[in-house]
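The sequence and structure are shown first.

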Amino acid sequence: MTTQQPLLALITGATSGIGKVTALELARQGFHVVVLARNADKAAQTRLEIQQVAWPGRRVDVLLCDLSDLSQVRRAAEEFNQRYAQLDVLVNNAGLVFGTERETSANGHEMTFATNHLGPFLLTSLLFDKLQQSPAARIVNVASMAYQFAKPDFNDLDAAHHYSPMRAYANSKLFNIMFTQELARRLRQRGIHNVTTNSLHPGVVASNFGSNSTWFTRAFYKVAAPFMTSSEDGAKTSIYLASDPAVAQTSGGYFVKQQPEAVKSGYNTLENARRLWQESERLAGQPFLSEA
Ligand SMILES: NC(=O)c1ccc[n+]([C@@H]2O[C@H](COP(=O)([O-])OP(=O)(O)OC[C@H]3O[C@@H](n4cnc5c(N)ncnc54)[C@H](OP(=O)(O)O)[C@@H]3O)[C@@H](O)[C@H]2O)c1
């Protein structure tokens, strides 16, 4: 990095796994790192760990927010927008799979949808002005190859009918990819060239992932952990998309092992992407690069 003012990176879900490794590496590269986290104690501990690898004089800050709660997202975005002049890298990394019983958020949305898609959609929209202030901003959305098992019902994004933890998770990860592609299209249409966005699959990673889910998912992740990728390896594609000059101009892509890959889902159509966008705006109560 050559600029005087350090580039600012906001990483969600940086208290654990892939997000923590991503935040540590961006701090090592000289970024001013802001950790978005829902747990104050974990956030404080993570901040100390990141501070140890940060460049001398570089700050590491915390933004407390439970992404499943839209009012917390609004409050956190407001705090961010008051504190900082611009945002150079936003890594929408936080995400999880829930249990057998369908749970709802503070706003009445199904928890997987609320945490993995709706909260990040609202956060990105509310921080968008600060991303536009950057000469070259990047939005990185951590999806999953689980998108291939998605069977979304666009009339029932909150899964009031047909809830299962894996289906809700797979749907949310397809939404991460569709959001990325649709956002890239809308940026291009408006001639906004200083903001790019890409999504990725990190691999099957031995992190804390699955700990909120069913006994089967927890057992699977425990038994399979020795054969899985480490969080360090899992974070490589996030770090690549967040900071590598090779992808500075790339937008709308889906990456696996730092390579672009085609998205193979019959649900991934332009019409569905538009529908998802409109529904997300409606449910979040926030217009975002709306179509005329
Ligand atoms: N692990 C895998 O095999 C795998 C595979 C494909 C994709 N992914 C994706 O990779 C991303 C990171 O997962 P990981 O494996 O690193 O899992 P992880 O170790 O469980 O970390 C998840 C992070 O998200 C945070 N988080 C969860 N709910 C939140 C909320 N409501 N508000 C704010 N933060 C919240 C967690 O905070 P706490 O520390 O407070 O819990 C934690 O920091 C996820 O999007 C996941 O879908 C993972």
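## Strands 1 and 2

Strand 1 (residues 8-12) runs parallel to strand 2, and five bridges join the two. The model is a predicted one. Within this pairing, Thr 12 has Leu 36 of strand 2 as its bridge partner, and Ile 11 has Val 35.

## Strand 2 to strand 3

Strand 2 also pairs with strand 3 (residues 60-64), again in the parallel sense and over five bridges. Here the bridge partner of Ala 37 is Leu 64 in strand 3. Between strand 2 and strand 3 the chain passes through helix 2 (residues 40-53), and this β-α-β crossover is right-handed.

## Strand 1 to strand 4

Strand 1 is joined to strand 4 (residues 89-92) by three bridges, and these strands run parallel. Ile 11 stands opposite Val 91 in strand 4.

## Burial of the strands

Why is strand 2 largely enclosed by the rest of the structure? Six of the six residues of strand 2 (residues 32-37) are buried, so the strand is largely enclosed. His 32, Val 34 and Leu 36 point one way from strand 2, while Val 33, Val 35 and Ala 37 point the other way; all are buried.

Strand 1 is mostly covered, with five of its five residues buried. Leu 8, Leu 10 and Thr 12 point one way from strand 1, and Ala 9 and Ile 11 the other way. In a regular strand, side chains alternate between the two faces of the sheet.

Note on methods:
Residues numbered from 1 in each chain as written. Predicted model: local features only at pLDDT ≥ 70, side-chain atom pairs only at ≥ 80, totals over all residues. Buried ≥ 20, exposed ≤ 12 C-beta atoms within 10 Å, placed from the backbone. Helix = DSSP H or I, 4+ residues; strand = E, 2+ residues; numbered from the N terminus. Pairing = 2+ DSSP bridges. Right-handed = clockwise from strand over helix to strand, strands pointing away.
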